[in-house]
Amino acid sequence: MTPERLLAHYERIADAPDAVARLRRFVLDLAVRGKLVPQVAGDEPASELLKRIAKEKVRLAKTGEIKRDKPLPATSDPVVDFDIPSGWAAAYLGDVSVCLDYRRVPINSTEREGRIEGKVPENLFPYYGATQQQGWIDDYLFDGELVLLGEDGVPFFEPLRTKAYLITGKSWVNNHAHVFQGILTSPRFLVHYLNVFDYAGRVVGATRAKLNQAQAVVIPVALPPLAEQDRIVAKVDELMALCDRLEAARAEREATRDRVAAASLARLNAPDPDTFAEDTSFALNALPALTARPDQIKQLRQTILNLAVRGKLVAQDAGDEPASELLKRIAKEKARRVAQGTLREQKPLPPIEVSEVEFELAQGWQWVRMAEVIKLWNGFAFKSGDFQSSGVPVVRIGDLQDGVVTLSGAACVSEAVANTVGPEVWIPPDALLIAMSGATTGKTAFNRTGTPLLLNQRVGRIEVFSISVNFLRFFFETIVARNLSISFGTAIPNLSAQQINETIIPLPPLAEQHRIVAKVDELMGLCDRLEASLIATATTRRRLLDAVLAEVLAPPESNECVAAA
């Protein structure tokens, strides 16, 4: 395979999910299986190389340069999980290298910082850990080109994350990385091999995965002839440099797309009255072409909602009853219910201060405290002993999922317990609920279950007075609501009934509320189609990537030897 062949196909796969990362992995997979460069008939076979390695290790042990090898604890010959090419041999990692873990000396961070105080980096040496350089130190334990293999933590369960890496020169290594010195073996080839090796079943530990030295030295290695190792390393370097260029090109392409999309959305979120109509038209027509990732669709949805609650999404109609008249009708309705005994008389609300107002209202709109247009019903503090697997479902915060109540994980109480609570704890159909504490404070959901439900504590039920409940929901999903959800509480976000009741909301005329809801539904439908298109396109690109990698990366004579020059 040549870079030119890959570039010829890359435009077909460039936007596939994780295209470059998968390409890097595929290159390494081919490399360590002998499918990246051809075998050469004149190369010394790996079986002979292993004999020379064994003799060299004996010599180094006699001269005191390394410790004498302990017998490997293996009870059988090494087995790799693929057919090795002609001239290769299966060996253990401990056969082709020496483990230098006995030289490691752990140093804690405080001691390390103390030893470099007042020194300059050029007088210090790198200090390495399981996955990368940890800092600098004024001493060194190792000198040369060595392979480090992390011994603990998550790297063994993330195949695209580096597990092994190469260090060169004078350095210090802590006790979280195994240190291997290749003996007549390319350390760079070993790094490539160890970074695609499947560690499943080789790590131990109940709470933290750990690869100990005894497990590391018996990792089976497919060993090529030494000359082929060098060819493999050179080809991998060439292709990884190509991947770097492809990755940089993709990053620049994404950055340009992000800048254009962000600029378009910014003009809508901070509109210029003179150009707003043109800006809106451009954004809604152009953004489908600019939205290539789910997070960009999310930004588009948020912009639509921000425009909706600011009176910028639909035109105002001078014939609409203004919000001030709507508020008078709501006040009469609330007074009637107070007289009937179905609603408590509301405590006076504080006047709205100028500092609370975030933007100028559209014609016919009015700022109001939320308690002027809603009634917030609090949930009931059921006892933990009341919960059981069947009965009447109780809606808890975790049951508010993606805008609706889900009962898949709901707890229940018996009919007897349910009959002891007041009618305000029961959730009617289509009621809007709000999470009042926890990481998802401020999120809302409708009861679309068609099932009688009970309201748990820290979940609020919102009853609206003569306004659109859907418009209110839009408000909770805007930046205003997000500020609301994170502004109160300490370590755990928390909303009180008073905080919700005193939050100000921009109230449009009722007729405009309905127009806004219809327009938002229309535009959210567009976003749904864009998301569906992205998913379908991603699936197609992923399949195409698989096909292209198989076609382009597999050399035509991958398992055949070529004559020596």
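**Notes on the model**

1. Ala-41 sits in the loop that links strand S1 (39-40) to helix H3 (46-62). Helices (H or I, at least four residues) and strands (E, at least two) are DSSP runs, numbered from the N terminus. Please keep in mind that this is a predicted model, where local features need pLDDT of at least 70, side-chain atom pairs count only at pLDDT 80 or more, and totals for chains, interfaces and linings use all residues. Residues are numbered from 1 along each chain as its sequence is written, and side-chain values use heavy atoms, leaving out hydrogens and water.

2. Is Ala-41 buried or exposed? Ala-41 is exposed, because its relative accessible area is 57% (exposed is over 50%, buried under 20%, partly exposed in between; 1.4 Å probe, protein chains only). Its C-alpha atom is separated by 8.2 Å from that of Gly-87, 46 residues apart along the chain.

3. Helix H13 (residues 469-476) is mostly covered, with six of its eight residues buried. Among them are Phe-471, Leu-472 and Arg-473.

4. Strands S4 (residues 125-128) and S9 (residues 170-173) run parallel, joined by two bridges (strands pair if DSSP finds at least two bridges between them). Tyr-128 has Val-173 in S9 as its bridge partner.

5. S18 pairs with strand S21 (residues 453-455) in the antiparallel sense over two bridges, and the bridge partner of Ile-427 in S21 is Leu-453.
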